[in-house]
Amino acid sequence: MDEKLIQRLESAVTRLEALSAGGFSGGVSPGEGEAAAVLDPSIIAFDDLRSQFVRRVRSAAEKIGGRVLDVTKIVEEAFEAQRELLIKIRQTQKPDMSGLAEFLKPLNDVIVKATKMIEGRRPDFFNHLKAAVDSLTALAWIAYTGKDCGLSMPIAHVEESWQMAEFYNNKVLVEFRNKDSNHVEWAKALKELYLPGLRDYVKSHYPLGPVWSATGKVAVSAPPKAPTPSAPMPPPPPPASLFSSESPQASSSRPTKGMAAVFDEINSGKPVTSGLRKVTDDMKTKNRADRTGIISAGEKEGRVSSPSFSKAGPPKLELQMGRKWVVENHIGKKNLVIDDCDAKQSVYIFGCKDSVLQIQGKVNNITVDKCTKMGVVFTDVVAACEVVNCNGVEVQCQGSAPTISVDNTTGCQLYLSKGSLETSITTAKSSEINVLVPGAGPDSDWGEHALPQQFSHVYKNGQFVTTPVSHSGG
């Protein structure tokens, strides 16, 4: 008989014995409800996930020891915390956002504890620790409550979270490929824990998110603690909660503005119309002699020449949900800078004109969409840099980028550094694409290479052979 099936049967028998030992009664007590939840197929499957995949990571870590074993124990603890939450979810009604953050606090505390292992001075086996810590973000799928919650669908969230951790996991594989097979085994086991392990589990049992009880107990948020007058100064704030209902701000603090400020004023309790003035007849436009309805040439020119505002909307440069930098509708701004970013975040640039953006740090992905005469300078990108629907843009890579794609764009200058010469460049429906590469020496001029935009297709030996068209002057 299959070994995995035997383990599942033994686990089920153990639970049934524990349930029968407790006895049965006419009503359903909280303990019996929990016992019934433990026997749920989704919980049994999660136990199988832990016994098969988590145990393999733990076994590999025990051969390495040290901080790798420490962080693996925290990963094991995080999966145990998620199991307890899955059991409670089947007995609890769906809470609001503040109640959800309090409900998921046990899991968040474990993730915060893991994050502290990579803070401060760079520790030994940093790539192991970073891969394990970043992978725990995948467990946040349990916080998915709908399309407006700020998270991707559970299956997609697990896959996206592992992509962030895989960057450091691959470094472990490369570093120890020919040195120590135990480290390679640990890295492979960690990947299989999430892909296919956790992904397939979520796909089978919770593709649309956790299933809350319709008749269970109500989860409530913790009441705020009132500070005492004699209390000392509070300590620094802890790391931000992974499940916080408030989206983090960008690198510079911004006051509340826009519609948020309007609603804050309405909710303040003050009379809404207290600051309004009465409009008299002589103040109405139809009764004013200085309003002729004719716009002078000077006034019209002044409106057209303003470079600071786009018809598409107000300019933006902000971090949304802690994961995505949005740069929109900037015109004539040459000093846009993103300096507080990391490899988990992406950058989306849209509708900018005659501006320059500097990205000082490594990010996961960069997309430049519908921009004109836009310059983008970045250091490193983990996945790809994409240029779409643009006209006359310049992109400079100062570090490394695995892929640069240009789609439906007219006029694009790509500047590559020596570290990015192996970048894969993909073009589609684009013209006037030039790539500039550094010269052989430190004082050498940049070499400019035009990517072909015309191709010749010739039918030979039963298939079409495609070659770029080259022109030569006679």
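Me: What rules apply to the model and its numbering?
Reply: This is a predicted model, so local features need pLDDT of at least 70 and side-chain atom pairs count only at pLDDT 80 or more, while totals for chains, interfaces and linings use all residues. Residues are numbered from 1 along each chain as its sequence is written, and side-chain values use heavy atoms, leaving out hydrogens and water.

Me: Why is N434 called buried?
Reply: Buried means under 20% relative accessible area, exposed means over 50%, and partly exposed lies in between (1.4 Å probe, protein chains only). N434 has 18%, so N434 counts as buried. The residue is found in strand β13, residues 431–437. Strands (E, at least two residues) and helices (H or I, at least four) are DSSP runs, numbered from the N terminus.

Me: What makes the N434 and E448 pair a polar contact?
Reply: Their side chains are joined at 3.4 Å. The term needs a pair of N or O atoms within 3.5 Å; within protein, one must be able to donate a hydrogen and the other to accept it, and residues adjacent in sequence count only if both atoms are side-chain atoms. The 3.4 Å pair is therefore a polar contact.

Me: Which residues does N434 touch, leaving aside neighbours within four places in sequence?
Reply: C412, Q413, L414, E448, H449 and A450. Contact here means heavy atoms within 4.5 Å.

Me: What makes a set of residues a nonpolar core?
Reply: Its members are buried Ala, Val, Leu, Ile, Met, Phe, Trp, Tyr and Cys residues, joined through side-chain atoms within 4.5 Å. The largest such core has 59 residues. Those with the most contacts inside it include F79, W141 and W186. Helices that each supply at least two residues include α3, α4, α8 and α9. The largest share, 12 residues, comes from α4. A second, separate core of 35 residues includes V327, C385, L416 and V435.

Me: Which residues does F79 contact beyond its neighbours within four places in sequence?
Reply: F46, L49, R50, V54, L139, L193, Y194 and L198.

Me: How do you know that the span of α3 is close to the expected value?
Reply: The expected span is 1.5 Å times one less than the number of residues. α3 has 24 residues and reaches 34 Å from its first C-alpha to its last, close to the 34 Å expected. There is also a kink of about 30 degrees, centred on V54. That bend is the angle between axes fitted to the seven residues ending there and the seven starting there. Just after α3, G65 takes a positive phi of about 75 degrees.

Me: Why is the E192 and R56 pair called a salt bridge?
Reply: The term needs a side-chain nitrogen of Lys or Arg within 4 Å of a carboxyl oxygen of Asp or Glu. E192 and R56 meet at 2.1 Å, N to O, so the pair qualifies. It links distant parts of the chain: E192 in α9 and R56 in α3, 136 residues apart.

Me: How many salt bridges does the structure hold?
Reply: The structure holds 17. D47, R50, E80, R83 and E84 are linked in a network of them.
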